[in-house]
Amino acid sequence: MSNKAQQGFSTRAIHAGASPDPSTGARGTPIHQSTAFVFDDADHAAALFGLEQAGFIYSRLTNPTVSVFQERVASLEGGVGGTCTSSGHAAQLLALFALMSSGDEFVASNKLYGGSITQFGHSFKKFGWKVNFVDPIDPQNFRKAINEKTKAVFTESLANPGGVVCDIEAIAAIAHDEGIPCIVDNTLPSPALCRPIEFGADIVVHSTTKFISGHGNAMGGVVVDSGNFDWSQNDKFPDLVESCGAYHGLKFYETFGNMAYTMFCHAIGLRDLGPAMSPMNAYLSLTGAETLPLRMQKHADNALEVAQWLQGNSNVTWVSYAGLPDNEFYTLAKKYCPSGAGAVFTFGVAGGYDMGLSIVSNCKLLSHLANIGDTRSLIIHPASTTHRQLTEEQQISAGAGPDVVRLSIGLEDAADIIADLDQAIAASS
Ligand SMILES: *Cc1c(COP(=O)(O)O)cnc(C)c1O
């Protein structure tokens, strides 16, 4: 799919997967708001259903607008194929669905987005999927938790909200020693700042809702396959290697080679679980992707400027941003995100819970809401919102203690973001 890999990142952000519409000449990718697509004839229909020919049948499986977007993100990540989904959480479900059966296990970082911790720890349990959470700061913790039932390791490149940068190369090497793939959630840096496949990740997932779409107006997710994992090296992945009962005996790996995983995610995952991306959201996300490299650089530059300013404020007790030289993850951030450590970070305030809440309430430019990756700067006090169901001890271990304020720095002028935080902190002290 990423046949234009020789072109530069900015060129692919605009062009990968797209070409002028052959019937109308439309230069922008049209929104193909159609549920189904007419077959040329009976042979064409049979070839499409038999997966012998690529094409469009029904928009739960594939859609022309969505296809351009999945090819775009796959190219930016350096993968061979992609599967778009209705949200980031649906992408995580699909990514594991191809690998897991009831009774299987996977090992995941315990420093993930809070929603992922809940999805893995509670809802996936109902499928008979068992997660073992480990502290990712020492990659050896993944090895210790792997057993003969383990089918994957899962981590975030840059973890939200704690600001933890994972040593993807070391974690992927451990997974490969054990004959299982390494899945990386690359939502926070986006492929503009970090490309996990270059460090050995086999599968990358995104909430495109965040930075890739980038404007706070379209939910979405994507699963990208590097095409590098040999599914037949052991007997752990029967759905991909053996005759597939859910597709009249088709052997995905034998038939599709390095596209086996992506074909399975479409032909079985989307077909049977159903979390397809809407054409409208694919269109909005494509428009966002065109400016991804420009936006991410500005997001990261603004975040660094705001983090440095916060460090000098007497009411701020600490700033956890991996782009700051005194941060414990600075060296890893320089390796994995050399152009900038993203735009999401936390800081602590001297006045604890009440002061954190007051700062959020007093901001005028920054919006108080539960999202990240918007053009607009966003602020939230996790202890009173996203993490309020947890005990104080659990909040602290999740990086969301009572004194913590989380920022997602947008694309406004850094001076205006700083001025707003300055007045909000002054009004709260
Ligand atoms: C938001 C988010 C998700 C979940 O994505 P949705 O699009 O909200 O379903 C997963 N991982 C990370 C890192 C996120 O920030």
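In the predicted model, an oxygen atom of the ligand lies 2.8 Å from an N or O atom in the side chain of Ser207, a polar contact being a pair of N or O atoms within 3.5 Å. Polar side-chain atoms of Thr209 and of Lys210 are each placed 2.7 Å from an oxygen atom of the ligand. The ligand taken alone exposes 380 Å², of which the protein buries 93%; accessible areas were computed by the Shrake-Rupley method with a 1.4 Å probe. Because the model is predicted, local features need pLDDT of at least 70 and side-chain atom pairs count only at pLDDT 80 or more, whereas totals for chains, interfaces and linings use all residues. Residues are numbered from 1 along each chain as its sequence is written, and side-chain values use heavy atoms, with hydrogens and water left out.

The shell around the ligand comprises 16 residues, of which Gly88, Asp185, Ser207, Thr209 and Lys210 come nearest; a residue is counted as near if one of its heavy atoms lies within 4 Å. By class, the shell divides into 4 nonpolar, 9 polar and 3 charged residues, with Gly counted among the polar ones. Helix H4 (residues 88-97) gives the most to this shell, with 3 residues. Helices are DSSP runs (H or I, at least four residues), numbered from the N terminus.

Helix H11 (residues 260-273) contains 14 residues and reaches 18 Å from its first C-alpha to its last, close to the 20 Å expected at 1.5 Å a residue, where the expected span is 1.5 Å times one less than the number of residues. A kink of about 25° is centred on His266 in H11, the bend being the angle between axes fitted to the seven residues ending at a residue and the seven starting there. Of the 14 residues of H11, 10 are buried (buried, under 20% relative accessible area; exposed, over 50%; partly exposed, in between; 1.4 Å probe, protein chains only). Among the buried residues are Tyr261, Phe264, His266 and Leu270. Just after H11, Gly274 takes a positive phi of about 85°.

Positive phi values also occur in residues other than glycine. Leu51, in the loop between helix H2 (42-49) and helix H3 (64-77), has a phi near 60°. His248 has a positive phi of about 25° and is found in the loop between helix H9 (238-241) and helix H10 (252-256). His248 is exposed, with a relative accessible area of 66%.

Gln308, in helix H13 (residues 292-311), is partly exposed, at a relative accessible area of 43%. The C-alpha atoms of Gln308 and Leu324 are separated by 7.5 Å, although these residues are 16 residues apart along the chain.

Terms used
Polar contact = N/O pair within 3.5 Å; in protein donor to acceptor, adjacent residues only side chain to side chain. Helix = DSSP H or I, 4+ residues; strand = E, 2+ residues; numbered from the N terminus.
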